[in-house]
Structures are given as structure tokens and as C-alpha cells.
Amino acid sequence: NKKISIAIDGPAAAGKSTVAKIIAEKLSYIYIDTGAMYRALTYKAIHLDLDLENEDSLIETLQHTTIDLKPSQRGQLVYIDGRDITEEIRESDVTNSVSIVAKHRKVREEMVKRQKSFATHGGVVMDGRDIGTHVLPHAEVKIFLLASVEERAQRRHDENIGKGYESDLVKLKKEIAARDKLDSEREVAPLRKAEDAYEIDTTSLTIQEVVSKIMDIVKERI
Ligand code: C5P
């Protein structure tokens with residue numbers, strides 16, 4: 001079988017990482033969560049008390065920062081400068097600031113460079129906002145996952161409750177909508193469906209149904 005590249009884009013909390021992980025596992029491909037890279041930089045910037053509007057200080061920091069994504073039994077682990085920050089990057093201070101950090105051109109250029117280097121040999125499932133449009137424009141399979149903001153907030157809420165975290169559905173919905181707006185309206189590589197991407201509305205689909213739709217597309221290309 002040919003080793004291909006699979007790009008999965010879409011708005012916040014549309015289930016990208018859940019399905020991307022399952023597909024990577026089925027194909028024995030590597031899974032790369034590009035959002036985790038922007039989150040890792042955001043985490044470090046918050047802790048260094050940087051001005052998140054200051055592109056130069058962010059890129060200066062990024063150039064001296066290593067971000068590693070490592071597969072493990074309990075999903076993908078995220079390391080910054082050798083330290084495990086898998087849990088920390090999901091906290092709301094990071095989630096609600098990451099779109100500010102991710103809007104800067106120089107930050108994106110450096111992240112895209114790193115992301116492309118992970119995919120040079122194919123056999124990769126990458127999820128994000130600009131994978132099909134900028135990071136892997138020649139990916140053999142491009143998927144754009146959608147779901148209503150109500151559905152996405154509800155899923156994230158259920159996930160939080162399941163993990164025993166506090167969760168406020170109304171607040172979640174507002175935060176998701178705000179992040180989508182920033183990600184879609186930014187100047188550099190905004191959230192967009194690539195022209196040749198398959199759009200899948202997951203609102204009334206189960207995870208398994210989404211996975212099997214994508215696998216049908218993948219099987220035609222490998
Ligand atoms: O995918 P996740 O929700 O973890 O992404 C966090 C944020 O990182 C997004 O809201 C977006 O601002 C940014 N991002 C991006 N480009 C990507 C992946 C994520 O701008 N390819």
C-alpha cells in the first residue's frame with residue numbers, strides 16, 4: 001500500500017482529533033495534532049508573561065523552543081523544551097488565548113515549516129485549520145469536518161463532565177464561537193475548506209460513522 005497524507009481541518013471541537021487518531025491507528029500512520037503546537041507556544045508565552053500581540057517576541061521565543069509530539073498509550077503527549085505539558089495546554093487560559101498567538105504570520109511560518117518536516121515521508125494524518133490549504137496542499141485526502149456550534153459545545157461539555165471537570169455549556173458555546181471567528185477572520189491562513197476537500201457535517205453522525213466515511217475515501221487512494 002502507498003503511504004499517503006491525510007489532512008483534516010475544521011472549526012474548534014468538531015471532533016477532528018478524535019477521528020484523526022482512530023484513522024492513524026487503523027492505518028499505522030503517525031498522527032500530528034497541529035493545534036497542540038500552537039497551544040504549547042501559547043502556554044509558554046503566558047508563563048513568560050509575553051504580550052500575545054507582540055509578534056517579534058513570540059517568534060523569538062518560538063525559535064528557542066522545542067515542541068515534541070509523542071504517541072503513547074493514553075494518546076498523544078505534548079512536550080515543550082522536554083517537559084510534558086499535555087494536560088496544561090487544554091486549560092481554559094490557553095484555549096482562550098491560542099487564536100491570538102496563532103494569527104501572527106511569522107509564528108505560522110515557523111509552525112508550518114515544522115509541520116511539513118513531519119510529513120516528508122507520507123503516512124501521516126494531520127489535523128488543524130490550514131492543513132489542506134497551506135501545510136499539506138498536495139495531501140491525497142483532505143477532509144473538512146463541520147458541526148453546529150450547539151453540537152460542538154455539547155460534546156465538549158459532555159467530555160468535560162465525563163472527565164470530572166467543571167463545565168458551563170453556555171460559556172463553552174461562547175468561547176467556541178469566539179475562537180471560530182478569530183480563526184476564520186484572521187489575515188494569514190484563515191480556517192477554510194480547501195477546494196478539493198470533502199466536507200462532512202458530523203452534527204448527527206457518530207464517531208464510527210465519520211471514521212467509516214473517511215476510510216471509504218482513503219481506501220480509494222491507497
Ligand atoms: O485544534 P485546536 O482546537 O487544539 O487548535 C487550537 C488553536 O490553534 C485554534 O483555535 C487555532 O487558533 C490554532 N490553530 C491554527 N492552525 C492549525 C491548528 C490550530 O491556527 N493548523
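Helices in this account are DSSP runs of at least four residues, numbered from the N terminus. The structure is a predicted model.

Side chains of opposite charge can pair when their charged atoms come close. The structure holds 16 such salt bridges. In one of them Arg114 pairs with Glu110, with 2.8 Å between the closest N and O atoms. Both residues belong to helix H6 (residues 105–118) and stand 4 residues apart, about one turn of the helix. Arg114 and Glu110 are both buried.

A second salt bridge joins Asp183 to Arg129, the closest N and O atoms being 3.5 Å apart. This pair links distant parts of the chain, 54 residues apart: Asp183 sits in helix H9 (residues 169–185), and Arg129 in the loop between strand S6 (124–128) and helix H7 (131–135). Asp183 counts as buried because its relative accessibility is 4%, under the cut-off of 20%. Arg129 counts as buried because its relative accessibility is 14%.

In helix H8 (residues 149–162), Arg155 and Glu151 are 4 residues apart, about one turn of the helix. They form a salt bridge whose closest N and O atoms are 2.9 Å apart. Arg155 has a relative accessible area of 24% and is therefore partly exposed. Glu151 is also at 24% relative accessibility, so Glu151 counts as partly exposed. Elsewhere, salt bridges that share partners join Glu110, Lys113 and Arg114 into one network.

The nonpolar interior comes next. In soluble globular proteins, nonpolar side chains tend to be buried together. The largest nonpolar core here has 33 residues, of which Val107, Met111, Met126 and Leu136 touch the most other members. Two or more residues of this core come from each of helix H2 (34–47), helix H3 (55–63), S3, S4, helix H5 (98–101), H6, S6 and H7. H2 gives the most, with 7 residues. With neighbours within four places in sequence left aside, Met126 is in contact with Ile6, Ala7, Ile8, Ile32, Thr34, Gln115, Ala119, Ile131, Val135 and Leu136. Another core, of 22 residues, lies apart from the largest one and includes Ile4, Ala20, Tyr29 and Val218.

By class, the lining of the second largest pocket is made up of 9 nonpolar, 4 polar and 4 charged residues.

Across the whole structure, a search finds 1 cavity of 30 Å³ or more. The largest cavity contains about 30 Å³ of space. Its lining consists of Asp9, Gly132, Thr133, Lys142, Ile143, Phe144, Arg192, Lys193, Ala194 and Ala197. H7 and strand S7 (141–146) each give at least two residues to the lining of this cavity, and S7 provides the largest share, 3 residues. By class, the lining of the largest cavity has 4 nonpolar, 2 polar and 4 charged residues.

Key: Residues are numbered from 1 along each chain as its sequence is written. This is a predicted model: local features need pLDDT of at least 70, side-chain atom pairs count only at pLDDT 80 or more; totals for chains, interfaces and linings use all residues. Side-chain values use heavy atoms; hydrogens and water are left out. A salt bridge is a side-chain nitrogen of Lys or Arg within 4 Å of a carboxyl oxygen of Asp or Glu. Buried means under 20% relative accessible area, exposed over 50%, partly exposed in between (1.4 Å probe, protein chains only). Ala, Val, Leu, Ile, Met, Phe, Trp, Tyr, Cys and Pro count as nonpolar, Asp, Glu, Lys and Arg as charged, and the others, Gly among them, as polar. A nonpolar core is a set of buried Ala, Val, Leu, Ile, Met, Phe, Trp, Tyr and Cys residues joined through side-chain atoms within 4.5 Å. Contact means heavy atoms within 4.5 Å. On a 1 Å grid over the protein atoms alone, a cavity is a set of points where a 1.4 Å probe fits but cannot get out, and a pocket is an open set with protein on both sides within 12 Å along at least five of seven lines; lining residues have an atom within 4 Å of a point. Grid points are joined across faces, edges and corners, and a volume is the space filled by probe spheres set on the points.
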